[in-house]
Amino acid sequence: MDCRENIVQYLTWSFIVGGLAFFLRQTRLCGPYGRYVNIGERLTPTCPAKVAWFLQELPAFLLPVILVLTTESRTSLGKKLLLWTFCLHYFQRTFIYALLTRGRPYPLWITVFAAVFCSLSGFLQGHYLLHCAQFEDTWLADVRLAAGLLLFVVGMAINIHSDHILRSLRRPGEIVYRIPHGGMFEFVSGANFFGEILEWCGYAVATWSLPTFSFAFFTICSIGPRAYHHHRDYQLKFEDYPQSRKAVIPFIL
């Protein structure tokens, strides 16, 4: 398959502009799912959390894998980066996190919106790394590749560990919110979000391109403000909430 440069550029800039718009919306009003579901949203059709996470994350894993299996890659390094970063993350979110989550039911329209986003991002990252990206042989020794992959691995470990801590705060069938402790939660309220931000920053550095940066940028614009809203919610709910914790970036924000 040839590189569809027009489609890649269109999706890339859509993610950048959409990320900015989403960031502005999120700073004023957090997405109405999880703890932010209001009374009106409770009356709309919902989807069990396990099913919602599986359905919405699956396209981001499945589409790149289909592209890998059905087309010949221009670069083997691009193929390896795609499989061991982007696909690895979404495999964990689709087949492990989705089965373990103990979250509230999701509004169906948000599940559909997320599935569309994951479909577009899965196609963009898969097509770009397989058919458009050009890596020189020297890239294997480039500090950006090593630093990016290290950031990705550390971020994924933080993300998975933080999700484990959050799950341990609830018994099966229970929907309550408690103060999380341990790991990066000692430094930030949104430790799981911090981990995912590190992942995608590392991914963007390791691949060093505008299409991969645009995906990382959209993700940061989406979950960064949500971490801030979580931080404020904890402070309002719990009088003994640790004052030294930041929202999403340790010691800074």
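**Close-up 1. The left-handed crossing of helices H6 and H7.** In this predicted model, helix H6, which spans residues 143-168, packs against H7 at an angle of about 160°, and the axes of the two helices lie 7 Å apart. Because angles over 145 degrees count as roughly antiparallel, H6 is described as roughly antiparallel to H7. Sorted by class, the residues that make up the contact of H6 with H7 comprise 15 nonpolar, seven polar and four charged.

**Close-up 2. Helix H4 packed against helix H7.** Helix H4 (residues 76-100) and helix H7 (residues 191-207) meet at an angle of about 160°, with 10 Å between their axes, and H4 is therefore roughly antiparallel to H7. The crossing of this pair, H4 and H7, is left-handed. On the H4 side the contact is formed by Leu 81, Thr 85, Phe 86, His 89, Tyr 90 and Arg 93, which meet Glu 196, Glu 199, Trp 200, Tyr 203, Ala 206 and Thr 207 of H7. By class, six residues in the contact of H4 with H7 are nonpolar, three are polar and three are charged.

**Close-up 3. The disulfide between Cys 3 and Cys 132.** A search of the whole structure returns one disulfide, in which the sulfur atoms of Cys 3 and Cys 132 are 2.1 Å apart. The link of Cys 3 and Cys 132 is right-handed, with 100° about the S-S bond. Cys 3 belongs to the segment that precedes helix H1 (5-28), whereas Cys 132 belongs to helix H5 (residues 108-132), so the pair ties together parts of the chain that are 129 residues apart in sequence. Cys 132 has a relative accessible area of 12% and is buried.

**Close-up 4. Cys 118, a cysteine in no disulfide.** The cysteine sulfur nearest to that of Cys 118 belongs to Cys 87 and is 12 Å away. With a relative accessibility of 3%, Cys 118 counts as buried, because the cut-off for a buried residue is under 20% relative accessible area.

**Close-up 5. Cys 221 and its closest cysteine sulfur, in Cys 201.** The sulfur of Cys 221 lies 11 Å from that of Cys 201, which is too far for a bond, since a disulfide requires a pair of cysteine sulfur atoms within 2.5 Å. Cys 221 has a relative accessibility of 6% and counts as buried.

Conventions: Residues are numbered from 1 along each chain as its sequence is written. This is a predicted model: local features need pLDDT of at least 70, side-chain atom pairs count only at pLDDT 80 or more; totals for chains, interfaces and linings use all residues. Side-chain values use heavy atoms; hydrogens and water are left out. Helices (H or I, at least four residues) and strands (E, at least two) are DSSP runs, numbered from the N terminus. Buried means under 20% relative accessible area, exposed over 50%, partly exposed in between (1.4 Å probe, protein chains only). Axes are lines fitted to C-alpha atoms, for helices over the stretch in contact, and angles run from 0 to 180 degrees between N-to-C directions. Angles under 35 degrees count as roughly parallel, over 145 as roughly antiparallel, 65 to 115 as roughly perpendicular and the rest as oblique. A crossing is left-handed if the near helix is turned anticlockwise from the far one by less than a right angle, and right-handed if clockwise. Contact means heavy atoms within 4.5 Å. Ala, Val, Leu, Ile, Met, Phe, Trp, Tyr, Cys and Pro count as nonpolar, Asp, Glu, Lys and Arg as charged, and the others, Gly among them, as polar.
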